[in-house]
Amino acid sequence: MTDSVTRAREMLDTWRERGDARVGGMSYRIIEALTQRASCHEGDARHVLDERLAALLDAQKAADGSTAVTQDTVDTPFAALLDELNQRAQARPAPAEYLDALRAVWTSVSAEKRLRESLAQVPKNAGPLNSSSLVHRSLALMGEVSPDYLQHFLGYVDALSWLDALTLVSAPVKDAPRAASQKKTTRGKSR
């Protein structure tokens with residue numbers, strides 16, 4: 001690690017520890033980005049990045065010594081946009097939370113679809129003990145009492161039906177049993 005990268009990291013750590021107002025500012029982000037980029041490069045590219053980083057660090061040291069207003073404290077439209085984007089990024093849920101929400105919506109929609117499908121299979125004039133009617137009524141009651149359990153139950157039924165379909169496809173077809181040999185047996189004639 002070069003001297004400018006070490007200096008930059010020390011300066012950034014010092015700002016973070018002090019809770020400096022510059023931590024959210026543009027110069028902080030630029031120095032942080034250049035530090036990360038410089039640590040990933042070698043050769044001429046590294047030399048150019050080190051010079052740029054050293055110039056930024058010197059400018060920050062000069063700004064710290066003077067009482068002049070720095071660019072970070074000036075409210076520019078770009079700085080306001082960057083702050084708004086940072087706030088939105090921090091408020092946004094993690095991708096795993098999106099996936100969980102998507103799964104929840106999908107299972108809910110899927111359960112409703114399967115419930116409608118079971119209703120479509122019930123004959124119009126089914127009696128009270130018709131198996132299709134009983135299954136649909138029990139699923140409807142389960143959905144009213146505990147929608148989460150209905151989704152879990154239908155997921156379990158889906159898994160079982162998937163496994164059943166898988167075993168039917170992968171199971172070898174057995175040949176019909178062969179009949180016993182058709183040899184004619186001759187009985188010895190009594191002589």
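Colleague: Which residues in helix 5 meet which residues in helix 7?

Modeller: A contact means heavy atoms within 4.5 Å, and helices are DSSP runs (H or I) of at least four residues, strands (E) of at least two, numbered from the N terminus. Here Thr107, Ser108, Ala111 and Arg114 in helix 5 meet Gln151, Leu154, Gly155 and Asp158 in helix 7. This is a predicted model, in which local features need pLDDT of at least 70 and side-chain atom pairs count only at pLDDT 80 or more, while totals for chains, interfaces and linings use all residues. Residues are numbered from 1 along each chain as its sequence is written, and side-chain values use heavy atoms, with hydrogens and water left out.

Colleague: At what angle do helix 5 and helix 7 pack?

Modeller: Two packed helices are described by the angle between their axes and the distance between the axes. Axes are lines fitted to C-alpha atoms, for helices over the stretch in contact, and angles run from 0 to 180 degrees between N-to-C directions. Helix 5 (residues 95-120) and helix 7 (residues 147-170) pack at about 75°, with axes 10 Å apart. Angles under 35 degrees count as roughly parallel, over 145 as roughly antiparallel, 65 to 115 as roughly perpendicular and the rest as oblique. Helix 5 is therefore roughly perpendicular to helix 7.

Colleague: How do the residues of the contact of helix 5 with helix 7 divide?

Modeller: For such a division, Ala, Val, Leu, Ile, Met, Phe, Trp, Tyr, Cys and Pro count as nonpolar, Asp, Glu, Lys and Arg as charged, and the others, Gly among them, as polar. The contact of helix 5 with helix 7 has two nonpolar, four polar and two charged residues.

Colleague: How do the axes of helix 6 and helix 7 cross?

Modeller: The axes of helix 6 (residues 131-145) and helix 7 cross at roughly 135° and come within 5 Å, so helix 6 is oblique to helix 7. Helix 6 contributes Leu139, Met142, Gly143, Glu144 and Val145 to this contact, and helix 7 contributes Pro147, Tyr149, Leu150, Phe153 and Leu154. By class, the contact of helix 6 with helix 7 has eight nonpolar, one polar and one charged residues.

Colleague: How many helices and strands are there in the protein chain?

Modeller: The protein chain has seven helices and zero strands, which gives the pattern α-α-α-α-α-α-α along the sequence. Among its contacts between residues at least 6 apart in sequence, 49% join residues at least 24 apart.

Colleague: Which residues have the most contacts inside the largest nonpolar core?

Modeller: In soluble globular proteins, nonpolar side chains tend to be buried together. A nonpolar core is a set of buried Ala, Val, Leu, Ile, Met, Phe, Trp, Tyr and Cys residues joined through side-chain atoms within 4.5 Å. The largest one here has 13 residues, and Ala8, Leu12, Trp15, Ile31, Leu34, Leu53 and Leu57 have the most contacts inside it. Helix 1 (3-18), helix 2 (26-40) and helix 3 (43-65) each give two or more residues to this core, with the largest share, five residues, coming from helix 1. Apart from this core lies another, of five residues, including Ala111, Leu139, Leu150 and Leu154.

Colleague: Is Thr35 buried or exposed?

Modeller: Buried means under 20% relative accessible area, exposed over 50%, and partly exposed in between (1.4 Å probe, protein chains only). Thr35, in helix 2, counts as buried because its relative accessibility is 2%. Leaving aside residues up to four places away in sequence, Thr35 touches Val5, Ala8, Arg9, Leu12 and Leu53. In the protein chain, buried residues make up 18% of the 191 residues.

Colleague: Which residues does Ser4 touch, not counting residues up to four places away in sequence?

Modeller: Ser4 touches Asp50, Leu53, Ala54 and Leu57 on that basis. Ser4 is found in helix 1 and is buried, with a relative accessible area of 8%. Its C-alpha atom is 9.3 Å from that of Leu49, although Ser4 and Leu49 are 45 residues apart in sequence.

Colleague: Is Lys61 buried or exposed?

Modeller: Lys61 lies in helix 3 and is exposed, at 54% relative accessible area. Arg16, in helix 1, counts as partly exposed at 42% relative accessibility.
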